Amino acid sequence: ANGTTLGRTQTLSGTTNDVFGGHVGVEGDGDALFLWEDKHPTLGKPVIQSRAMTAAGALRPVSTVAQLESEAQGLELAVAGDGDATAAWLNSSVKRIQAAFGP
């Protein structure tokens, strides 16, 4: 690609619940990590989910990062050039800042 256009649209999340708070981070080789808040399909409680995509466009499976009692606040994502990733949010149900690290 020449860097001036986007490719085709791909669906990252399921379609049964409202999804919001989407974030993306890209590492040095072009692999991407997406992060968003969703609702658990049967419990209806908030979850934070992520999904990786290779630079070639192959999507990895959706992963649940956290299950919460109430909506996350201030959801953020950072991805370093070497692929190390960090997500952080305020879990208001326990009044604590929480984080997840990867890969």
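**Exercise 1. Find which residues leucine 77 touches, leaving out residues up to four places away in sequence.**

Solution. Begin with the term: a contact means heavy atoms within 4.5 Å. With residues up to four places away in sequence not counted, leucine 77 touches His23, Val24, Gly25, Leu33, Leu35, Thr86 and Ala87. Before going on, note that this is a predicted model, in which local features need pLDDT of at least 70 and side-chain atom pairs count only at pLDDT 80 or more, while totals for chains, interfaces and linings use all residues. Residues are numbered from 1 along each chain as its sequence is written, and side-chain values use heavy atoms, with hydrogens and water left out.

**Exercise 2. Describe the elements of the protein chain and its overall extent.**

Solution. Helices (H or I, at least four residues) and strands (E, at least two) are DSSP runs, numbered from the N terminus. The protein chain has 0 helices and 7 strands, so that, by this numbering, its elements from the N terminus on run β-β-β-β-β-β-β. For the extent, the C-alpha atoms fill a box of roughly 45 × 30 × 20 Å, taken along the principal axes. The radius of gyration is taken over C-alpha atoms, and the globule rule is 2.2 Å times the number of residues to the power 0.38. With 103 residues, a compact globule would have a radius near 13 Å, and the 14 Å of the protein chain agrees with this. Finally, 26% of the 103 residues count as buried, and residues 24 or more positions apart account for 28% of the contacts with a separation of 6 or more.

**Exercise 3. Decide whether histidine 23 is buried, partly exposed or exposed, and name its partners.**

Solution. Histidine 23 has its place in strand β1 (residues 20-26). Its relative accessibility is 24%, and therefore histidine 23 counts as partly exposed. Not counting residues up to four places away in sequence, histidine 23 touches Leu33, Phe34, Leu35, Leu75, Glu76 and Leu77. Histidine 23 and leucine 90, by comparison, are 67 residues apart in sequence and 16 Å apart in space, C-alpha to C-alpha.

**Exercise 4. Work out where lysine 95, phenylalanine 101 and proline 103 lie and whether they are buried or exposed.**

Solution. Lysine 95 is found in the loop between β6 and β7, and it is exposed, with a relative accessible area of 72%. Lysine 95 has a positive phi of about 55 degrees although it is not a glycine. Most residues other than glycine have a negative phi.

Phenylalanine 101 is found in strand β7 (residues 96-102), and with a relative accessible area of 66% it is exposed. Residues up to four places away in sequence being left out, phenylalanine 101 touches Ala85 and Thr86.

Proline 103 lies in the segment after β7 and counts as exposed at 96% relative accessibility.

How values were computed: Buried means under 20% relative accessible area, exposed over 50%, partly exposed in between (1.4 Å probe, protein chains only).
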